[in-house]
Amino acid sequence: MHIQNECLAEFSKLVQTGTCGSRSGRLKTGVDLGTANIVLAVVDENNIPVTGIYAPSKVVKDGVVVDYFGAIKVIKQLKEILEERLGERLLDGAVAIPPGILESTARSIANVAEGAGFEVTNVVDEPTAAAKVLGVMDGAVVDVGGGTTGISILRDGNVIFTADEPTGGIHMTLTLAGYYGVTLEEAETIKKDISREDEIFPVIKPVVQKMASIVKRFLTGYDVEKIYVVGGSSCFCGFEDVFEKEIGIETIKPNDALLVTPLGIAWSVL
Ligand SMILES: Nc1ncnc2c1ncn2[C@@H]1O[C@H](COP(=O)(O)OP(=O)(O)OP(=O)(O)O)[C@@H](O)[C@H]1O
Ligand SMILES: [Mg+2]
């Protein structure tokens, strides 16, 4: 397995503690504009994680920027916090697009990062960014985010198939809200409470099974030996086991699945 777990763990520590690691040369920033979170990942010229930050996001829906100026504002704020932390300006950046979106959406995502003061060197697709960090050349990368699940199949390092499905963490939250008779906000808090995971997981398991059955359908006809799950909604302990059982293909989840794609975007800066 080539997953860069150590590198991810280091990045995760820097994000959680709000600190910077040692660095050399030019800094590169990956900007991940998601439905649930906006993440900025900073690496140095050797792709060593330097620092990072995230904030909840309401500016993107299903891969489309619905609040353009709000998005610029949040990214600007996060960029300033990181620059203060680093004592250095951040300039070169890359953004990512979910699989299968329109070119106009891709442009608007790049424009948001430019509007926040980044020089966007390139736009990568999310699965390719994730695959870099995972060290995956062949297999399927499944990114289970807040609003959508992106499915990509790679062969010899190239993406040969992508799909984006409107199922994600929000559907787990909705299920919990119904089950406990609470608001979506309360359900979201319950969902992320690791101490209640044994109680929660059986409730949301049907949602995970449904996601797995959708993924299985997309993989039909392709020769896929391994599935790699990333994204915040795959964080549940046992998530990958449900996938493996439903789909019948070995399923691997890296530590810190939430940060894989953002780190890969930073690595993609030209
Ligand atoms: N510890 C956790 N356990 C379960 N779910 C979690 C956990 N942490 C985050 N999530 C869920 O992960 C989702 C966010 O994941 P992520 O940041 O990958 O999404 P996104 O990139 O913003 O969304 P999308 O890719 O759909 O645009 C949210 O639904 C959130 O509730
Ligand atoms: Mg995402």
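User: How many salt bridges does the count come to?

Analyst: This is a predicted model, in which local features need pLDDT of at least 70 and side-chain atom pairs count only at pLDDT 80 or more, while totals for chains, interfaces and linings use all residues. Residues are numbered from 1 along each chain as its sequence is written, chains are lettered from A and ligands numbered from 1 in the order in which they are written, and side-chain values use heavy atoms, with hydrogens and water left out. A salt bridge is taken as a side-chain nitrogen of Lys or Arg within 4 Å of a carboxyl oxygen of Asp or Glu. By this rule, the number of salt bridges is 9.

User: Which residues are joined with Glu83 into one network by salt bridges that share partners?

Analyst: Arg89 forms a salt bridge with Glu83, their closest N and O atoms lying 3.3 Å apart. On relative accessible area (buried under 20%, exposed over 50%, partly exposed in between, with a 1.4 Å probe and protein chains only), Arg89 is exposed at 62%, whereas Glu83 is buried at 12%. Lys253 also forms a salt bridge, with Glu240, at 3.1 Å between the closest N and O atoms. Through shared partners, the residues joined with Glu83 are Lys79 and Arg89.

User: What separates Lys191 and Glu188 in helix H6?

Analyst: These two residues form a salt bridge with the closest N and O atoms 3.6 Å apart, and Lys191 is buried at 11%, while Glu188 is partly exposed at 26%. Helices (H or I, at least four residues) and strands (E, at least two) are DSSP runs numbered from the N terminus. Because they are 3 residues apart in H6 (residues 184-192), Lys191 and Glu188 are separated by about one helical turn.

User: With which side chain does the side chain of Asp92 make a polar contact?

Analyst: Asp92 lies in strand E6 (residues 92-97) and is buried, with a relative accessible area of 16%. A polar contact is a pair of N or O atoms within 3.5 Å; within protein, one must be able to donate a hydrogen and the other to accept it, and residues adjacent in sequence count only if both atoms are side-chain atoms. At 2.6 Å, the partner is the side chain of Arg26.

User: At what angle do helix H1 and helix H9 pack?

Analyst: Contact means heavy atoms within 4.5 Å, and by it Cys7, Leu8 and Phe11 in H1 meet Val260, Leu263 and Trp267 in H9. The axes, lines fitted to C-alpha atoms over the stretch in contact, with angles from 0 to 180 degrees between N-to-C directions, are 11 Å apart, and the angle is about 100 degrees.
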